[in-house]
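Student: I have a model open and would like to work through it. Shall we take it piece by piece?

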Amino acid sequence: TSTTPEGVTRDVPRVAVPGRVRPRRLRATPTVRRLVQQHRVHASDLVLPVFVREGLDEPRPLQAMPGVVQHTRDSLRRAAVEAAEAGLGGVMVFGIPEHRDAVGTMASDPAGVLNVALADLAAEVGDALSVQADLCLDEFTDHGHCGVLTADGRVDNDATLVRYVDMALAQAEAGAALLGLSGMMDGQVGAVRDALDAAGYGDVAVLAYAAKYASAFYGPFREAVESELQGDRRAYQMDPANRREALREVELDIAEGADVVMVKPAMSYLDVLADVAAVSTVPVAAYQVSGEYAMIEAAAAQGWIDRRRAVEESVLGIRRAGADVVLTYWATELAGWLAEGR
Ligand code: PBG
């Protein structure tokens, strides 16, 4: 018992005190918190995905991705300069053509929207950051699949590789430094690597979307690239239920010559990302995709979460799970916040 100054006697509960070991010592002040911070996000780890749309006069805002636009050729250049000034590691360019067909002809045409944009950016910011190209057919095909189709409507893996090789050579010719192979065809890394080397583009790097899942979180991206996909991508993208299979994809892609491997999406696949980071012998990237962006923006717009803190925490979490490089639509804004914090 104890007695208060007022003379009241009461029972004092006996609690075990922690004694010597007190983790809060390292959380007590901003100074010590900064000292012991284990993981950090750097602007140079961030890659900004950007969309360029053929035939636009003005940048066009995307409804499901507030703050993100389809760029014109000129506004894309400005966004890339801004990204370079913010110290980003790179920009990943997606092109939206005016005309589509069954085999995605405009993907490998040097005058196609993506290749023209890559040439613009290589000239404008190629010395300041990594100019990266999405290498996939879905933006260029009228059926919206990532490859060419067989007569009975399935995605034809090996025929698609021929198109990827054409695309890779056009992108390398345009000046892209790194090609992001996002189609999930078997053998795509080896096919593209061989073709690049044979054509004298030995320095052009390959980022393999090694573990890319068939995800609902790509939803807003469909609006961004105006894709009307017929069916779904489950016959080539990975089943969200599968964790072990990611390591098989990573192993294959590294064996085929991938310079960087990626896990996508990010936030629902942090276990996969940690697995991959634990075994990969090449740098690991993660893509915080359109739906992840949209969720946080939507909740923040309602006032339900603090936007800046949620963005920072989400990207930090992806880094903590093991990503060396993070593709995020917040890259430029986040880099600005990081600069403020220094
Ligand atoms: C395929 C590709 C997609 C995304 C990036 N590359 C779409 C898909 O596979 O369905 C999605 C990116 C995002 O949602 O932010 N070219």
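Student: Is Tyr329 buried or exposed?
Tutor: This is a predicted model, and a count of C-beta atoms settles the point. Tyr329 has 25 other C-beta atoms within 10 Å. A residue with 20 or more counts as buried. Therefore Tyr329 is buried.

Student: Where in the secondary structure is Tyr329 found?
Tutor: Look at the elements on either side. Strand S12 covers 325–327, and helix H11 covers 331–341. Tyr329 is found in the loop between S12 and H11.

Student: With which residues is Tyr329 in contact, leaving aside its neighbours within four places in sequence?
Tutor: Contact here means C-beta atoms within 7 Å. Leaving aside neighbours within four places in sequence, the contacts of Tyr329 are Pro49, Met65, Val68 and Tyr293.

Student: Which residues does UniProt list with Tyr329 for "binding site"?
Tutor: The record is an unreviewed entry. Its residues are spread over 40 residues of sequence, yet they cluster in space, with a largest C-alpha distance of 7.7 Å.

Student: What is the place of Ser290, and is it buried or exposed?
Tutor: Ser290 is in helix H9, which covers residues 290–301. It has 25 other C-beta atoms within 10 Å. The cut-off for burial is 20 or more, so Ser290 is buried.

Student: Which residues does Ser290 touch, not counting those up to four places away in sequence?
Tutor: Met65 is one of them. Met65 is also in contact with Tyr329.

Student: Which residues of H4 meet H3?
Tutor: H3 passes H4 in a right-handed crossing. The contact divides into 5 nonpolar, 2 polar and no charged residues. From H3 come Asn115, Leu118, Ala119 and Ala122. They meet, in H4, Ala170, Gln171 and Ala174.

Student: Is H4 oblique or roughly parallel to H5?
Tutor: The axes of H4 and helix H5 (residues 188–198) come within 9 Å and cross at roughly 45°. The limit for roughly parallel is under 35 degrees. Therefore H4 is oblique to H5.

Student: How many nonpolar residues does the contact of H4 with H5 have?
Tutor: This crossing is right-handed. H4 brings Leu161, Tyr164, Val165, Ala168, Leu169 and Ala172, and H5 brings Gln188, Ala191, Val192, Ala195 and Leu196. By class there is 1 polar residue and no charged one, and the nonpolar count is 10.

Student: Last, the whole chain. What share of its residues is buried?
Tutor: The chain has 11 helices and 12 strands. Its C-alpha atoms fill a box of roughly 90 × 45 × 35 Å along the principal axes. Of the 342 residues, the buried share is 44%.

Definitions and conventions
Residues are numbered from 1 along each chain as its sequence is written. This is a predicted model: local features need pLDDT of at least 70, side-chain atom pairs count only at pLDDT 80 or more; totals for chains, interfaces and linings use all residues. Helices (H or I, at least four residues) and strands (E, at least two) are DSSP runs, numbered from the N terminus. A residue is buried if 20 or more other C-beta atoms lie within 10 Å of its own, exposed if 12 or fewer, and partly exposed in between; C-beta atoms are placed from the backbone. UniProt positions are given in the numbering used here, feature names are shortened, and annotations may be inferred rather than shown by experiment. Two residues are in contact if their C-beta atoms, placed from the backbone, lie within 7 Å. A crossing is left-handed if the near helix is turned anticlockwise from the far one by less than a right angle, and right-handed if clockwise. Ala, Val, Leu, Ile, Met, Phe, Trp, Tyr, Cys and Pro count as nonpolar, Asp, Glu, Lys and Arg as charged, and the others, Gly among them, as polar. Axes are lines fitted to C-alpha atoms, for helices over the stretch in contact, and angles run from 0 to 180 degrees between N-to-C directions. Angles under 35 degrees count as roughly parallel, over 145 as roughly antiparallel, 65 to 115 as roughly perpendicular and the rest as oblique.
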